[in-house]
Amino acid sequence: MKGRNMIRWRDPAKDPRQEPKSHLITAEGAERLRGILDHLSRVKRPALSAKVGEAAALGDRSENADYTYNKKELNRVIARIRYLTKRLDELTVVDRLPADTGKVYFGAFVTLEDEEGEEMRTRIVGHDEIAPDKHWISVDSPLAKALLGKPLDEEVTVAAPGGETTYIITEIDYRDPQA
């Protein structure tokens, strides 16, 4: 097979993109996704449709860069709308605190201390809410899987690319979604 659609072959058994994603999301994350979907549907798509219409009215579409660019952008926005609509339907919104707030569960803010004494604060969120700049990690990540269900002052060992790392849970905090 040759052509522009040819990609590098990956073993499906080892491909991390094939792993099932959890269908959990925080209430804030669901609201953010709904806001993005609303903006794309009500603002961006109609504006791009109008631009495509104007560019199409100018004549020869094969040499019209405005038409080609805006048509591709419109198709990208429509695909994103379709994805978000489907994804929001399959997500489960976690909108309440766990019964035992002394253990790490979905939505928790966790402060960890490593072997050198450095602290790291992270939050366990859904796959659609990952934010590396805020240290929000997916519930499906190895660190989150190691932390789930652990109490305060528990020692947790996580396999990392640079070797195993051991952390101690120094703080567990939840924000009340209803507040």
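**Where the two domains meet**

R123 and E28 form a salt bridge, with their closest N and O atoms 3.1 Å apart. This is a predicted model. Across the interface of domain 1 and domain 2, two salt bridges are found. Six residue pairs are in polar contact across that interface, both residues at pLDDT 80 or more. On the domain 1 side, strand 1 (24–26), helix 1 (27–57) and helix 2 each supply at least two residues that touch domain 2. Helix 1 gives the most to that side, with four residues.

Now the domains themselves. Domain 1 spans 22–93 and domain 2 spans 96–173. Their C-alpha centres lie 34 Å apart. Eleven residues of domain 1 are in contact with nine residues of domain 2. About 780 Å² is buried between the two domains, and carbon and sulfur atoms give 46% of that area. In domain 1, S22, L24 and T26 lose the most area to domain 2. Together these three account for 53% of what the domain 1 side buries.

The UniProt record, an unreviewed entry, places the feature "domain: Transcription elongation factor GreA/GreB N-terminal" at residues 24–93. Over residues 24–93 the chain is 81% helix and 7% strand. The end C-alpha atoms of this stretch are 6 Å apart.

N70 sits in helix 2, which covers residues 65–90. Its relative accessible area is 8%, so N70 counts as buried, the cut-off being under 20%. Beyond its neighbours within four places in sequence, N70 is in contact with L48, K51 and V52.

Definitions and conventions
Residues are numbered from 1 along each chain as its sequence is written. This is a predicted model: local features need pLDDT of at least 70, side-chain atom pairs count only at pLDDT 80 or more; totals for chains, interfaces and linings use all residues. Side-chain values use heavy atoms; hydrogens and water are left out. Buried means under 20% relative accessible area, exposed over 50%, partly exposed in between (1.4 Å probe, protein chains only). Contact means heavy atoms within 4.5 Å. UniProt positions are given in the numbering used here, feature names are shortened, and annotations may be inferred rather than shown by experiment. Domain bounds come from an automatic or database domain assignment. Buried area is the accessible area (1.4 Å probe) that two parts lose on being put together, summed over both. A salt bridge is a side-chain nitrogen of Lys or Arg within 4 Å of a carboxyl oxygen of Asp or Glu. A polar contact is a pair of N or O atoms within 3.5 Å; within protein, one must be able to donate a hydrogen and the other to accept it, and residues adjacent in sequence count only if both atoms are side-chain atoms.
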